[in-house]
Amino acid sequence: MSDSLNTPEAPHHAPDGGIRHTRAKGEPRFPDGPKADPAGSHFERRIRSFQPRRSRVTAGQADALQRLWPKWGLDIDGRRTLDLAELFGNGSPVVLEIGFGMGEATAQMAAADPDTNILAVDVHTPGQGNLLNLADQGGLSNIRVANGDAIILLREMLTPDSLDGLRVFFPDPWPKKRHHKRRLIQPDFLTIAASRLKPGAILHCATDWEPYAEQMLEVLTAHPAFENTRPDGGFAPRPEFRPLTRFEGQGLDKGHVVNDLLFRRVPHDDQREGRQ
């Protein structure tokens, strides 16, 4: 995970001739904001499906992180079990979104469905700040932003049958064959996810990388805890509730094919080993 939140800055002169205030070595950039590596070394090393991205945090994003992280943010440290009703302040259904980018689509879905809570996970600091800012501007109290590894969140911090849905939109496709093992949608991930999803909950994936879409369809179809909502066993059209993002629109303009997959968590007693 990126250490950009804790990168020391050397003192320097501001353009107006004054001295710009800088952080001391080791001082976190956002003292009350997301940590650089919240889980630290407390959990086993494994192949991760994400890689940190270093990019500039704007003034607006920084302000949102400073003001709103203590209220709407949480670090995935793996050391506590979350009470989702307490986290959101209500007992509404909770959908987990893994990888929200800059958060525009997340904010749109939250605004369109205020009775559903969204726990949005990412490791991209500018995106975290941007989503907090969008939530604040839109009065979207049904969003919480989580920082860190979604696997640790699922495995260590969420209870069985606690989620009403799971969204994985445009995950890193890891296109090179030697990197396919880093892809998130794998049988082991689906088993962990299934244990946290209520029966009937929808796992919704979307990707513009066709080989990855085919792999997703294959592993989801083979997993006994999920069934395709499509009678023909194929891909689904984009549901109206999933906004068309700017990134997706650019891909469509270039001729990319976007595939959605909507699979339902089957009731526990309906799981059958080797279900096809």
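This is a predicted model: local features need pLDDT of at least 70, side-chain atom pairs count only at pLDDT 80 or more; totals for chains, interfaces and linings use all residues.

Visitor: What order do the strands of the open sheet have?
Guide: The eight strands run β3-β6-β5-β4-β7-β8-β10-β9, and the pairing is mixed.

Visitor: And which ones are the edge strands?
Guide: Those are β3 (73-75) and β9 (226-228), each of which pairs on one side only. From one strand to the next, the twist averages 25 degrees.

Visitor: Let's start with β3. How many bridges join it to β6?
Guide: Three, and β3 and β6 (residues 143-147) run parallel.

Visitor: What holds paired strands together, in general?
Guide: Strands of a sheet pair through backbone hydrogen bonds.

Visitor: What about β8 and β10?
Guide: Six bridges join β8 (residues 197-207) to β10, and these two run antiparallel. Ala-206 faces Asp-260 of β10 in that pairing.

Visitor: Why is β10 described as largely enclosed?
Guide: Because six of its seven residues (259-265) are buried, strand β10 is largely enclosed by the rest of the structure.

Visitor: Switching to helices: which strands does α3 touch?
Guide: Helix α3 (residues 104-112) packs on the sheet and touches β4, β5, β6 and β7. Its direction makes about 170 degrees with that of β5.

Visitor: And where does α4 lie?
Guide: Helix α4 (residues 125-138) lies across β5 and β6, running at about 170 degrees to β6.

Note on methods. Residues are numbered from 1 along each chain as its sequence is written. Side-chain values use heavy atoms; hydrogens and water are left out. Two strands pair if DSSP finds at least two bridges between them. Helices (H or I, at least four residues) and strands (E, at least two) are DSSP runs, numbered from the N terminus. Axes are lines fitted to C-alpha atoms, for helices over the stretch in contact, and angles run from 0 to 180 degrees between N-to-C directions. Contact means heavy atoms within 4.5 Å. Buried means under 20% relative accessible area, exposed over 50%, partly exposed in between (1.4 Å probe, protein chains only).
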